[in-house]
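I opened the notebook to record what I looked up in this model. The entries follow in the order I made them.

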Amino acid sequence: LPMPIPIELITLSPQIIISTGISYGVNLNSKFGISVVGDIPSGLKPPVVPNVNYFGQVVGNAFAIAVVGYAICISLGKIFALKHGYKVDSNQELIALGLSNFLGGFFQCFAISCSMSRSLVQESTGGNSQVAGVISSLVILVTILKIGELFHDLPKAILSAIIIINLKGMFKQFTDLRTLWKSNRVDLMVWVVTFIATLLLNLDIGLGASVAFALLTVIFRTQL
């Protein structure tokens with residue numbers, strides 16, 4: 001079809017509405033202890049100047065968050081670029097993330113990076129341009145300002161199911177092991193070390209260990 005049908009949106013919207021209605025009508029949270037989304041504050045906070053007294057306390061964590069956030073962003077970007085046949089400018093992505101976090105800091109925002117689940121949802125429904133990003137941003141803005149309170153009784157299990165289903169594309173990357181075994185076993189070693197390090201260690205520590213291992217492979221290959 002010239003325009004892909006957003007089947008995920010068509011199937012998930014009734015699921016969210018029905019599950020929220022059942023949770024509200026039966027009162028799943030108080031009667032059965034089902035975890036729900038809860039109160040969602042509405043409105044946007046006014047801009048304030050960040051408190052410089054906290055800079056010394058958060059600089060280490062901020063650096064780790066910046067590295068992990070950029071790594072996830074550029075990795076997803078390259079996955080989609082490889083799939084759809086375009087190139088990603090790493091410097092442009094770094095400037096965009098830095099500028100977004102700099103401006104978001106004045107509004108007490110969370111650290112900004114790409115969302116693995118939402119990016120995969122958008123890509124699987126055919127959204128591959130900035131227009132899709134603008135539309136999703138407007139929907140989030142309306143949700144924050146007006147309709148966030150309607151999701152108070154939405155069970156978190158529904159959100160978990162949505163995320164897991166849309167992460168199936170990431171789980172399919174295990175099939176790359178066979179390709180890497182045939183093409184480049186050094187890249188296979190980097191893949192395995194990265195996976196094990198991030199699984200056993202924290203995400204930022206695992207990423208740092210994998211980068212160090214990748215650099216070691218470059219050094220050894222250069223010497224040999």
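I looked up isoleucine 205 and found it in helix 11, which covers residues 203-223. The model is a predicted one, and I read every entry here with that in mind.

I then checked the surface around that residue. Ile205 belongs to a nonpolar patch that also holds Ile164, Phe171, Phe174, Val192, Phe195, Ile196, Leu199, Leu200 and Leu201. Together these residues have about 980 Å² of accessible area. Which helix gives the most to the nonpolar patch? I noted helix 10, residues 185-200, with five residues.

Next I looked at how helix 10 sits against helix 11. Their axes are 8 Å apart, and the packing angle is about 160°. Angles over 145 degrees count as roughly antiparallel, and helix 10 and helix 11 are therefore roughly antiparallel to each other. I logged their crossing as right-handed.

I turned to the other partner of helix 11 on my list. Helix 3, residues 55-84, has an axis that comes within 10 Å of the axis of helix 11, and the two cross at roughly 70°. The crossing in which helix 3 passes helix 11 is left-handed.

I followed helix 3 to helix 4. Here the axes come within 11 Å and the crossing angle is roughly 135°. Helix 3 and helix 4 are therefore oblique to each other. Their crossing is right-handed.

I went on to the chain as a whole. How many helices and strands does the secondary structure come to? I counted 11 helices and zero strands. Read from the N terminus, the elements are α in every position, as α-α-α-α-α-α-α-α-α-α-α. For the extent, I took the box along the principal axes, and the C-alpha atoms fill roughly 70 × 50 × 40 Å.

Last, I checked confidence. The average pLDDT of the chain is 83, and 95% of the residues score at least 70. Which elements have the lowest and the highest mean pLDDT? Helix 8, residues 168-171, has the lowest at 73, while helix 4, residues 90-105, has the highest at 90. I also noted that Phe171, listed in the nonpolar patch, is within the residue range of helix 8.

Note on methods
Residues numbered from 1 in each chain as written. Predicted model: local features only at pLDDT ≥ 70, side-chain atom pairs only at ≥ 80, totals over all residues. Heavy atoms only, no water. Patch = residues over 30% accessible without salt bridge, like charges linked within 9 Å, V, L, I, M, F, W, Y side chains within 5 Å. Areas by Shrake-Rupley, 256 points an atom, 1.4 Å probe, with all protein chains shown as cover. Salt bridge = Lys/Arg side-chain N within 4 Å of Asp/Glu carboxyl O. Helix = DSSP H or I, 4+ residues; strand = E, 2+ residues; numbered from the N terminus. pLDDT = per-residue confidence, 0-100. Axes fitted to C-alpha atoms, helices over the stretch in contact; angles between N-to-C directions. Left-handed = near helix turned anticlockwise from the far one by under 90°. Parallel < 35°, antiparallel > 145°, perpendicular 65-115°, else oblique.
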